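Student: I have just opened this model and would like to be walked through it. Could we begin with the strands?
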Amino acid sequence: MGIARWLNRTVGFFVFALLDIADFLLCYTYKTLDYFLESERKPCYCSSPPEAQAKTEKIIVSERGGYSKVVSLTRSKIHFDEISDTLYSRGPSLLTRLSKLVRSVKCFNYKGLIMRGNVVESCDHHESKKKISKRKKRLMTLNSTVVEKSSTAPRWSDCHCSFCTSWLTSSNRDSLFVKVQQPKDNKKARDNVVFIHGFVSSSSFWTETLFPNFSDSAKSNYRFIAVDLLGYGRSPKPNDSLYTLREHLEMIEKSVISQFKLKTFHIVAHSLGCILALALAVKHPGAIKSLTLLAPPYYKVPKGVQPAQYVMREVARKEVWPPMQFGASVLSWYEHLGRTIGLVLIKNHHLIEFVTRLLTLNRMRTYLIEGFLCHTHNGSFHTLHNIIFGSGAKLDSYLDHVRDHVDCDVAIFHGGKDELIPVECSYSVKSKVPRATVHVIPDKDHITIVVGRQKDFARELELIWQRSQST
């Protein structure tokens, strides 16, 4: 095991070094293409915050805790503390390290040491003071929220098919797409169940698996509500959004809780959706009848460590095996490689679905492809950083609130072979909420915790809901 781990990290070092170079080159490639195809060189997160602000009036920089917070003027309210510092501070790449090395050598040879009386000040220290001085002059202070309407049309590198852009022609284009399954006489619905999918997924993760497999009794007593999160499936995919926790929650509240006038409801959430489920429980503690969390991405952050950075390094370790881990790392660390993946795969998802059906003689259902590929790079990149990584500092307080103020059953399910989110995350949730029950399903991973065992899971959910009625 030790040799395998060493080999994984060694190969990963060289692979990610090449990816560093590729992403660096793609940065300038996309700036050129954006200029010719959109008449604008849009800033990316490769730039330092002050440089980004100099390029566009839509970027505002704020300094907090030593990290630069970047906020775009968007279609809804944005607060500084919602922006994850991992967007700009993802750690030095190989090229960054080399440039620093060259700069330090030049600095030593050319300037040497700066003597000030009895104080010897290094060149690097002097340069950093100059940068801080310049930065203070260029920063823009904002004390209130920012509101501005911007273009929501898809970018040239996004998919323009009728499915992915259906929200643009919808009469309710400012609401999420919601799939509802309810009794014919809705008045007979005894309760509501809200299903929240995970990262790069959609409502079909639930509607194609669980909805057909609920018992007749459950179908006649519950209203099932599955939502496409902001940026996914058939929901709006605004390119001016930063996909913060606030935006996701406000859209769920508007499109589900307010739209269907929900007073009480159960929540079933997977992966990323668990973070949103906990946030909803904190905002609506009296409305939650049960919480069912699948593979919650909760990492205990050591004291003295920046939470978002720690979570990112746990979720997106720079290793080439297993494949799902490698894919998560590429999407997390490389903004422009992720956009290239979107350009190649997401923009051609209909072709991929066709080829899949052709190769499997139409025996394979492609709803997972729909969820995995029907989104935009802007949406997935910001959601990954601002929700999964950025919530690292918030989940402790959320779980404390659920433990002390949300009177409902908490059930946790985790695949024993989940290579993306370790089982320890679920046990960490239980350590914060002792009444929670943890069910580890052997031989199941991040996806097959539901897919492939949907009948069993449907029965398990029904039992959870029944117990909540008797308490």
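This is a predicted model: local features need pLDDT of at least 70, side-chain atom pairs count only at pLDDT 80 or more; totals for chains, interfaces and linings use all residues.

Student: In which sense do β6 and β8 pair, and over how many bridges?
Tutor: β6 pairs with β8 (residues 265-270) in the parallel sense, over 4 bridges. Strands are DSSP runs of E with at least two residues, numbered from the N terminus, and two strands pair if DSSP finds at least two bridges between them.

Student: Which strand do 6 bridges join to β8?
Tutor: That is β9 (residues 288-294), which runs parallel to β8. There, S290 is the bridge partner of H266.

Student: Is β8 enclosed or open, and why?
Tutor: β8 is largely enclosed by the rest of the structure, because 6 of its 6 residues are buried. Buried means under 20% relative accessible area, with a 1.4 Å probe and protein chains only.

Student: Which way do the residues of β8 point?
Tutor: F265, I267 and A269 point one way, H266, V268 and H270 the other way, and all are buried. In a regular strand, side chains alternate between the two faces of the sheet.

Student: What is the order of the strands in the whole sheet?
Tutor: The sheet is open, with 7 strands in the order β5-β7-β6-β8-β9-β10-β11 and mixed pairing. β5 (178-181) and β11 (437-441) stand at the edges with a single partner strand each, so one side of each has no neighbour in the sheet. From one strand to the next, the twist averages 15°.

Student: New topic: where is S203, and is it buried or exposed?
Tutor: S203 lies in the loop between β6 (191-196) and α5 (204-207). It counts as buried because its relative accessibility is 3%.

Student: What does S203 touch?
Tutor: Leaving aside residues up to four places away in sequence, S203 touches F177, H197, A226, V227 and D228. Contact means heavy atoms within 4.5 Å.

How values were computed: Residues are numbered from 1 along each chain as its sequence is written. Side-chain values use heavy atoms; hydrogens and water are left out. Buried means under 20% relative accessible area, exposed over 50%, partly exposed in between (1.4 Å probe, protein chains only). Axes are lines fitted to C-alpha atoms, for helices over the stretch in contact, and angles run from 0 to 180 degrees between N-to-C directions.
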